[in-house]
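Thanks for making the time this morning. I would like to walk through one model with you, and I will give the cut-offs as each term comes up.

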Amino acid sequence: MKRILLPLALMVAVSTQAQVINNPKAKVDPKNNKVSNPVVEKPKVKLMTRDELRACIDQQEANTKEAEAIKAEQAAYKANADKLKAEKVTVEAGEAALGKQVTDVKAEKEAILASYEALKAEAPKLDKAELKARNDAYTARTTAFGTMIDAVKAADAEQAAKRKAFAEKVDALDAQFKSIEDRTEKHFDANDKWKAECQNKPYDENDEKAIRKEKAAAAGK
C-alpha cells in the first residue's frame with residue numbers, strides 16, 4: 001500500500017509545480033524563485049491630487065484669459081499707432097506751413113528794409129506829394145508787417161502745442177508697447193510654468209468633472 005501512495009504523492013507534487021509554472025499571474029518570492037519566467041508587476045501611475053489638478057486648471061484658464069487680454073491690448077496699440085500716423089501727417093503739414101510763413105516774413109522784412117533805403121536815397125529828389133505818398137505806403141507796409149509777425153507768432157505757438165501733444169502721444173505709445181512686451185514675456189513664463197507642472201500629467205477624470213462642476217456652480221452665483 002505504501003508503494004502505491006508514494007507515487008501518488010509524487011504525482012501530486014509534480015502536478016502542483018506544473019500549475020505554478022504555467023500560471024502567468026503567479027507571484028514569485030525573489031528569495032526563493034523557482035519560476036523560470038517570473039512576471040514583474042508594472043508600478044502604479046501616480047495621479048495628480050485634486051488640489052494639484054485644480055491649480056493646473058486655474059492656471060490654464062488664467063493663461064487663456066491673459067492671452068485674450070494681450071490680443072486686445074495689441075489691437076488697441078495698433079489703433080493708436082494708426083491714429084498717430086495720420087496725426088503725424090497733419091503735424092508735418094503744420095510745420096511746413098509755419099516754415100513758409102517764417103520764410104515769407106523774412107523776405108518781407110528784407111523788402112521793407114530795401115524800400116526804406118531806397119526812399120531815404122530818393123527823398124531829396126521827390127516833391128512833397130510824392131514823398132508823402134511814398135511815406136504813407138511805407139508806413140502801411142510796416143503796419144501790415146507787424147500784423148504778419150503777430151500771425152507767425154500765433155501760428156508758432158499753436159504748432160508748438162500740437163508738436164508737444166504729438167510727442168506726448170508718441171511717448172505714451174512707446175510706453176504701451178513696452179507694457180505689452182513685458183506682459184507678453186510674463187505670459188510666456190506662465191505658460192512655461194504650466195507646461196512644466198501640468199502638461200501631460202496623469203489625473204483622475206472624475207476629479208476633473210468635480211472641479212468643472214464646482215467652477216460652473218461658482219460662476220452661476
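Let me begin with Tyr 116, which at 36% relative accessibility counts as partly exposed, where buried means under 20% relative accessible area, exposed over 50% and partly exposed in between, with a 1.4 Å probe and protein chains only. Before I go on, a word on provenance: this is a predicted model, in which local features need pLDDT of at least 70 and side-chain atom pairs count only at pLDDT 80 or more, while totals for chains, interfaces and linings use all residues. Residues are numbered from 1 along each chain as its sequence is written, and side-chain values use heavy atoms, with hydrogens and water left out.

Now the overall layout. The secondary structure of the chain comes to 4 helices and 0 strands, and from the N terminus on the elements run α-α-α-α; here helices (H or I, at least four residues) and strands (E, at least two) are DSSP runs, numbered from the N terminus. Of the 221 residues of the chain, 15% count as buried. If we take the contacts with a separation of 6 or more, residues 24 or more positions apart account for 84% of them, a contact being heavy atoms within 4.5 Å.

Back to the rings. How many aromatic pairs does the model have? The count comes to 2, under a rule by which rings of Phe, Tyr and Trp (its six-membered ring) pair if their centres lie within 6.5 Å, with planes under 30 degrees apart counted as stacked, over 60 as edge-to-face and the rest as tilted. Tyr 77 and Phe 177 form a tilted pair, 5.7 Å centre to centre with 45° between the planes. Tyr 77 lies in helix α2 and Phe 177 in helix α3, so this pair ties together parts that are 100 residues apart in sequence. With Tyr 116 in helix α2 and Tyr 138 in helix α3, the parts tied together here are 22 residues apart in sequence, and Tyr 138 is itself partly exposed, with a relative accessible area of 23%.

Next, the disulfide. By the rule that a disulfide is a pair of cysteine sulfur atoms within 2.5 Å, the count comes to 1. Cys 56 and Cys 198 form it, with their sulfur atoms 2.0 Å apart, and the torsion about the S-S bond is about -85°, so the disulfide is left-handed. Cys 56 lies in helix α2 and Cys 198 in the loop between α3 (128-197) and α4, so the pair ties together parts that are 142 residues apart in sequence. Are these cysteines buried or exposed? Cys 56 counts as buried at 8% relative accessibility, and Cys 198 is buried too, with a relative accessible area of 9%.

Those two cysteines also belong to the largest nonpolar core, whose 7 residues are Met 48, Leu 53, Cys 56, Ile 57, Trp 194, Cys 198 and Ile 211; a nonpolar core is a set of buried Ala, Val, Leu, Ile, Met, Phe, Trp, Tyr and Cys residues joined through side-chain atoms within 4.5 Å. Helix α2 (residues 50-122) gives the most to this core, with 3 residues. Apart from it lies another core, of 5 residues, among them Ala 81, Leu 84, Val 91 and Leu 173. As for Trp 194, if we leave aside its neighbours within four places in sequence, Trp 194 is in contact with Cys 56, Gln 59, Gln 60, Asn 63 and Gln 199.

His 187 lies in helix α3 and is buried, with a relative accessible area of 10%. Not counting residues up to four places away in sequence, His 187 touches Asn 63, Glu 66, Ala 67 and Ile 70.

Finally, the loop between α3 and α4, which holds Asn 200. Asn 200 has a positive phi of about 65° although it is not a glycine, and at 75% relative accessibility Asn 200 counts as exposed. Most residues other than glycine have a negative phi, which is the background for pointing this one out.
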